[in-house]
Amino acid sequence: MIRLKDVEKYYSNKFVKTWVLRNIDMEVKEGDFVTIMGPSGAGKSTLLHILGMLDDMSGGEYYFLDEPVHQLNERKRTGFHQQYIGFVFQAYHLIDELTVYENLETPLLYKKVKTSERKSLIAETLDRFNIVAKKDLFPNQLSGGQQQLVAVARALIINPKLILADEPTGNLNSKQGLEIMDMLKALNDEGTTIIQVTHDEKKAAYGDRIIHLLDGYIDKIDERN
Amino acid sequence: MFNNYLKMAFRNIQKFKGYSIINITGLTLGMTCCIFILLWVQHELSYDRFHEHADSLYRVIDYEKYSNGDELTFSTNPPALAPVLKEEYPEINELCRIIEPDGAVIRYQDNSFNEENILCADPAFFSMFSFPFVEGKKETVLKDPSSIVISEKMANKYFGDVEAVGKTLRINNTTDFLVAGVFKDLPSNSHIHFDFVLPFEAAKLLGNEIEGWNSYAYTFYVLLNVKTDVGLFNQKIKDTIKRYDDTAIVELSLQPVVDIHLRSGDMWGIGGDGDIRYVYLFSMIAVLILLVACINYMNLTTAYSGNRTKEIGLRKVIGARRSELILQYMGESVILAIIALIFSILLVFLCLPFYNTLSGKEFVLNFSNYKNCAILLFGVTILTGIIAGSYPALFLSSFKPVIIFKGNLKIGSGNSIFRKILVSMQFVLSICLIITTLTVNRQMFYLKNKKLGFNNEHLLYIYLPGELGEKTELIKNEFNKNNAVQNSSVVSSLPLPVNASFILDSWDGRQGDDKFLTHFMSVDYDFLNTMELTMAEGRFFSKEFPSDTQDGAVVNETAVRVMGMESPIGKNVGRGKIIGVMQDYHFRSLHSKITPLLLIFSRKQSNYILIRLKTGDVAQSLQSLETTWRHNFAEYPFEYRFLDERINKLYSSEQQVEKIMKVFTLLAVFIACLGLFGLASFTTAQRRKEIGIRKVLGLSVGGIVKMLANDFTQYVLYANLISWPVAWFAMSKWLQNFAYRIQLHFWMFLTAGVLALCVALLTIGYHSIRAATANPVEALRYE
């Protein structure tokens, strides 16, 4: 599903090149649950952003479903977001001015899903995440856990093939964190590919494979199972 | 999708109240200005378009070129031209002549009034022009030589609620006319204004020649066959008068009636008090003011865009295309523009009475009447929204989605250069407008205060209708007995502006074929003293020289110069002999240079009496004049005017421009300040930390204010560099309209610049001082 070849990323200002990622080669198959680990500044989030096509790479090749992402234009990449990728972030990142319902609706609007289908999809999702009662509340009226729940729900509503999660439980208490992780696991069991970033060993254990990053390089890869 | 955008827009307006208020206020004011100006422009452009045959109606105009190189266009022709045009040119379907006599006394039973808006016209008048009737049949009304047609207003004035048709009105206390019809009051966008229409023959009764080739007093209108090529037809009629009058040098052509109001230039004749250049100028100002408002929006929106980076990034992450984001932000500014439109329509309704006084027009905001206006308004709104939203939309949508992970985004320096340009542009506009206002103001002051060569204070005139024109001896005697009167003189036309003119083609020492246009008036012995004019040479008309009344002539210095005379006294000019030369005085508006003027003596054809009051209580003097009048001429109404009023009227269009200009300049500057205020609040907020650190390091409050003010001072300085040459160019062009004009002085430009600077500093002062006096610890704790 995903193949990275010699991907690198640096920021340059006039005099200095600051490397963030170097020589990254990796492959993710459909149905994988991959964890990216490493100390702060190792480039975990950047790698995730590149995988999610949110950030450009400075060099190397990236194939997503055999399409060369490094050669695609913005329009095409946006197409991939709509079609295949759902994001979950550490800081929940909901649109503050929209209610829970509207937040869930937005990706469907961009995907141009018909009204009737949209309504039933949202209803179904609200139901599944047990947040029907909250649908008319604004994000700042929800607790952190609830917000993250909505964020996950929003990522899932387009039925993505790939979920990218950047420390999805970082701001949650342990009980809420477990719930979210269990949910991701369940999705993975249904066939959704998941890539997560975490420092937490316990959360990392949910994955089939752990990629350790250090100073921008892949330090080692642990295969589980 | 649309719902989603709409919700976002409204929730954002609520969330950032201060910023939304500034944005909406700016747009509202800009659009209000725009609507007002559009109302005016639309009104100017609508002149005479209400006539059913507007596109085929033309006025016959004349062009003369004299041997001294002077050129003249005018729009009056001799009465004998009518049958000739009609017989020789089948292209002309209908033709009518009109004349506007100076005025008449109109009486119904015991009520009489001096009326000025009188027209004598051929019967075709009402079939060519579309002035709807309330009573009577427009097809037949003017065929009966003893009929009169009056306006609804006049029907009310004379007859009250009673039916007017069939009543009799007596003109100049001698001749009766039967009211045959009543027409609706004229719309203000007609170039002709009249309340009474008499049959053509009545012109004779009011003292005009109605036959022959000599009296160029009639305005000719023709209704052309629709298929006529006007260019070719102009060639055909060019020399018509020359063929019948050997001495004539006039060339004829046609002017579309719809062009009369705006495109008559210096042409003499009815109408033409508009000026297409002012229409362009004001349209431009409308666009510029709107642009200033749009720039405000762009500026504030980009400045505040940091608040929305998260949303933008997030939307991109969940699948928004750039085009969808652009649409969303444009949509938001369009929504804001529509809100502003609603407010500005309210504002227009509220301010309309004030604007009407200001502009001297009677505008109404009535959308059923102005379908085009409504469409235009809506179009302008959408356009404003799109223009204002364009840059923010492009700017905001260009963010990469990762920015949301990078915390609060600092707006980059590239963007701030663009903002500097925008702010400078606002000041360029403001400074240009200030300079324009200053120049127009100075020029008007100059016009009002320029020495005209005579004393125009305490000088009034009374119109002498009908037989009064022949009783001048009596009238003068009666007035001279009055203590309030210092001097009086009877004249054929008013001394400013003098309307009558003729082509002078004989004088002693004339070279070859020389001829030139000279104005003339007939006056009596006391004209010189009443006007307080000065002689340059020779003497004025005097009782001691009886021959003066036969062939005496007084000319002005310019006439002597044009004729090329060395010692003019005793020389022949026309049928007279020069007895004196008076110093030039301005007998026409200061738009034009002083031209030749010739005075002859007469007490017979006097239309006016000029009266100079003694200095003292004017109200009391006027009252005593009225008593004198009532005592002797009770059957005529007593109506006087000051000559000053008439002088002011010469510059009425400029005065209007001056007033409107002032208001719009004020508004434009205000809108610019509004934007600056918002921007200053933003930049000082952004520099909070810097200010805190500097303060901790010991920079004084004054120093901080200076540092913050520096930025904005720069904008104003750059703006001056650009606006000065632009304004200089535009204003020297405008001043060329006046033969007598002020010089553009450096201080005017400097004043505008300094004014703009002061306003800018005052505007940002509040934020700067607040930021400078804030406790630095507060600011630093944030980080």
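This is a predicted model: local features need pLDDT of at least 70, side-chain atom pairs count only at pLDDT 80 or more; totals for chains, interfaces and linings use all residues.
1. Setting of A:Asp6. This residue belongs to strand β1 of chain A, which spans residues 2–12. A:Asp6 counts as exposed because 12 other C-beta atoms lie within 10 Å, and the cut-off for exposed is 12 or fewer.

2. Neighbours of A:Asp6. When residues up to four places away in sequence are left aside, A:Asp6 touches A:Asn23, A:Asp25, A:Gly60 and A:Glu61.

3. Geometry of α3(A) and α4(A). In chain A, helix α3 (residues 100–110) and helix α4 (residues 115–128) have axes that come within 10 Å and cross at roughly 130°. The pair is therefore oblique. The crossing of α3(A) and α4(A) is right-handed.

4. Residues joining the two helices. On α3(A) the contact involves A:Tyr101, A:Leu104, A:Glu105 and A:Leu108, and on α4(A) it involves A:Arg118, A:Leu121, A:Ile122 and A:Thr125. By class, five residues of this contact are nonpolar, one is polar and two are charged.

5. Interface of chains A and B. Contacts link 22 residues of chain A with 21 residues of chain B. On the side of chain B that touches chain A, at least two residues each come from α1 (2–15), α10 (309–317) and α11 (322–359) of chain B. The largest share, six residues, is supplied by α1(B). That side of chain B comprises 10 nonpolar, three polar and eight charged residues.

Note on methods. Residues are numbered from 1 along each chain as its sequence is written. Chains are lettered from A and ligands numbered from 1 in the order in which they are written. Helices (H or I, at least four residues) and strands (E, at least two) are DSSP runs, numbered from the N terminus. A residue is buried if 20 or more other C-beta atoms lie within 10 Å of its own, exposed if 12 or fewer, and partly exposed in between; C-beta atoms are placed from the backbone. Two residues are in contact if their C-beta atoms, placed from the backbone, lie within 7 Å. Ala, Val, Leu, Ile, Met, Phe, Trp, Tyr, Cys and Pro count as nonpolar, Asp, Glu, Lys and Arg as charged, and the others, Gly among them, as polar. Axes are lines fitted to C-alpha atoms, for helices over the stretch in contact, and angles run from 0 to 180 degrees between N-to-C directions. Angles under 35 degrees count as roughly parallel, over 145 as roughly antiparallel, 65 to 115 as roughly perpendicular and the rest as oblique. A crossing is left-handed if the near helix is turned anticlockwise from the far one by less than a right angle, and right-handed if clockwise.
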